[in-house]
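Here is a short briefing to read alongside the model. Take a look at the structure first, and then we can walk through it together.

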Amino acid sequence: MPTGGKSTLTQFLIEERRRFPDATGDLNAIVTDVSLACKAIARKVAYGALGGVLGSAGTGNVQGEEQKTLDLLSNTMFLRANEWGGHLAGMVSEELEAPYALAPEHPRGKYLLLFDPLDGSSNIDVNVSVGSIFSVLRAVSPGKDPAPGDFLQPGACQVCAGYAIYGPSTMLVLTMGRGTHAFTLDPWLGEWVLSHPDLKIPERTQEFAINASNSRFWEPAVRRYVDECLAGVAGPRGADFNMRWIASLVAEAHRILMRGGVFLYPRDTKEPGREGRLRLLYEANPISFLVEQAGGGASTGRSRLLDVQPKALHQRIGFVFGSAQEVARIESYHREDAPQRFDSPLFGHRGLFATT
Ligand SMILES: O=P(O)(O)OC[C@H]1O[C@](O)(COP(=O)(O)O)[C@@H](O)[C@@H]1O
Ligand SMILES: [Mg+2]
Ligand SMILES: [Mg+2]
């Protein structure tokens, strides 16, 4: 077997479908279409400066962020690969303000697809790993155009989620609710090969990831957690911790799925009124599903992320995920801080009026 005895994505999907004799194959078709878009994006990314796709597109998205040429190209590839199959009723993209309206000639299916076509795009021009993230929900009204509110389902309703990472090798990491599995793209065969079945995040870790340039905006519970890690073997944790920050959610999630660790992009006071930096529907929800299916924890910092009821398509959220014990510890630190103390630095764990 040219894949060294390992199954391909196609074989994996056939096996999954066998477990559900009534399945129509629509979900498998969506995964296949998404994986095709990811292969096409991987090729563009690999050509780098030679492909003429680096740099800014000179436009901004609904969230006021600069769009890169590759952000727009990746968005188009996702839309083109998925709009015609008849498996989807609608799509939401980070790069589009409103849900994408399928052309009248395309049949409407029974699933919804939400995606971040290119994640970590500030890293493209410096040749650091980027990725694509996706989430699949059931359509509220199969066969019909969805209302925007139909996409506002808690992450626990996802039927499938995954990401592709465009790094030294290209990989697809997938869950359909029965474990998290990683496929490596064989560049010769153009096939996704199941290289890492049933990933398990170690419960404990001594590695954390956070953007420390925001430390002056952190809530007391986050500051306490990081301070304790930094205190090392002489501190309350009694261990030296290592730190990483890639500024690419996909790359951080991948590292944590492969060897453990904890990631924090918590709610902070940098932009009052903003609940966090990362987007709930197409960043935090799919990563949380993958992490939980690999035995890890995923939280807003206060409670399970997959239980959050979304309020808006591009809603942001505080996000903490990774090794289960660390996520539980961070939640417990938030619980220990009385609610009235969250809002004022004076009442922080180490603040002027701290009582503990
Ligand atoms: O620049 P910061 O504040 O470190 O934020 C980095 C975060 O922003 C993101 O790049 C946002 O994703 P996009 O590139 O899709 O907008 C995440 O991947 C990453 O975790
Ligand atoms: Mg992103
Ligand atoms: Mg993006």
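Which elements do the buried residues of α3 pack against? They pack against α2 (26-47), β1 (56-60), β2 (66-68), β3, β4 and β5 (130-138). Please keep in mind that this is a predicted model.

**Helix α3 and its surroundings**
- Helix α3 covers residues 69-82, and its 14 residues reach 20 Å from the first C-alpha to the last, close to the 20 Å expected at 1.5 Å a residue.
- Of the 14 residues of α3, 10 are buried, so the helix is largely enclosed by the rest of the structure.
- Among the buried residues of α3 are Leu70, Asp71 and Ser74, and these three are also touched by Leu118.

- Seven bridges join β4 and β5 in the antiparallel sense, with Asp116 facing Ile133 of β5 as its bridge partner.
- β5 also pairs with strand β6 (residues 160-166), again antiparallel and over seven bridges; here Val130 has Tyr166 of β6 as its bridge partner.

**First annotated site: Glu94, Asp116 and Leu118**
- An unreviewed UniProt entry lists Glu94, Asp116 and Leu118 under "binding site".
- These positions span 25 residues in sequence, yet no two of their C-alpha atoms are more than 8.9 Å apart, so they gather at one spot.
- Glu94 sits in the loop between β3 (88-93) and β4 (111-119), and it counts as buried because it has 26 C-beta neighbours inside 10 Å.
- Beyond four places in sequence, the contacts of Glu94 are Asn61, Asp116, Pro117, Arg279 and Tyr282.
- Leu118 belongs to strand β4 and counts as buried, with 30 C-beta neighbours inside 10 Å.
- Leaving out residues up to four places away in sequence, Leu118 touches residues including Val130 and Ser132.

- Asp116, located in strand β4, is buried, with 28 other C-beta atoms within 10 Å.
- Setting aside neighbours within four places in sequence, Asp116 is in contact with Glu94, Ser132, Ile133, Arg279, Tyr282 and Glu283.
- Glu283 lies in helix α6 (residues 280-293) and counts as buried, given its 27 C-beta neighbours inside 10 Å.
- With neighbours within four places in sequence left aside, Glu283 is in contact with Asp116, Asp119, Ile133, Leu249 and Leu278.

**The five-strand sheet**
- Five strands form an open sheet in the order β11-β10-β12-β16-β14, with mixed pairing.
- β11 (242-244) and β14 (297-299) stand at the edges with a single partner strand each, so one side of each is left without a neighbour in the sheet.
- On average, and with direction ignored, neighbouring strands of this sheet are turned by 15° against each other.
- Strand β12 (residues 262-265) pairs with strand β16 (residues 319-322) in the antiparallel sense over four bridges, and Tyr265 stands opposite Phe319 in β16.
- Helix α7 (residues 324-336) packs on the sheet, where it touches β12, β14 and β16, and its direction makes about 30° with that of β14.

How values were computed. Residues are numbered from 1 along each chain as its sequence is written. Chains are lettered from A and ligands numbered from 1 in the order in which they are written. This is a predicted model: local features need pLDDT of at least 70, side-chain atom pairs count only at pLDDT 80 or more; totals for chains, interfaces and linings use all residues. UniProt positions are given in the numbering used here, feature names are shortened, and annotations may be inferred rather than shown by experiment. Helices (H or I, at least four residues) and strands (E, at least two) are DSSP runs, numbered from the N terminus. A residue is buried if 20 or more other C-beta atoms lie within 10 Å of its own, exposed if 12 or fewer, and partly exposed in between; C-beta atoms are placed from the backbone. Two residues are in contact if their C-beta atoms, placed from the backbone, lie within 7 Å. The expected span of a helix is 1.5 Å times one less than its number of residues. Two strands pair if DSSP finds at least two bridges between them. Axes are lines fitted to C-alpha atoms, for helices over the stretch in contact, and angles run from 0 to 180 degrees between N-to-C directions.
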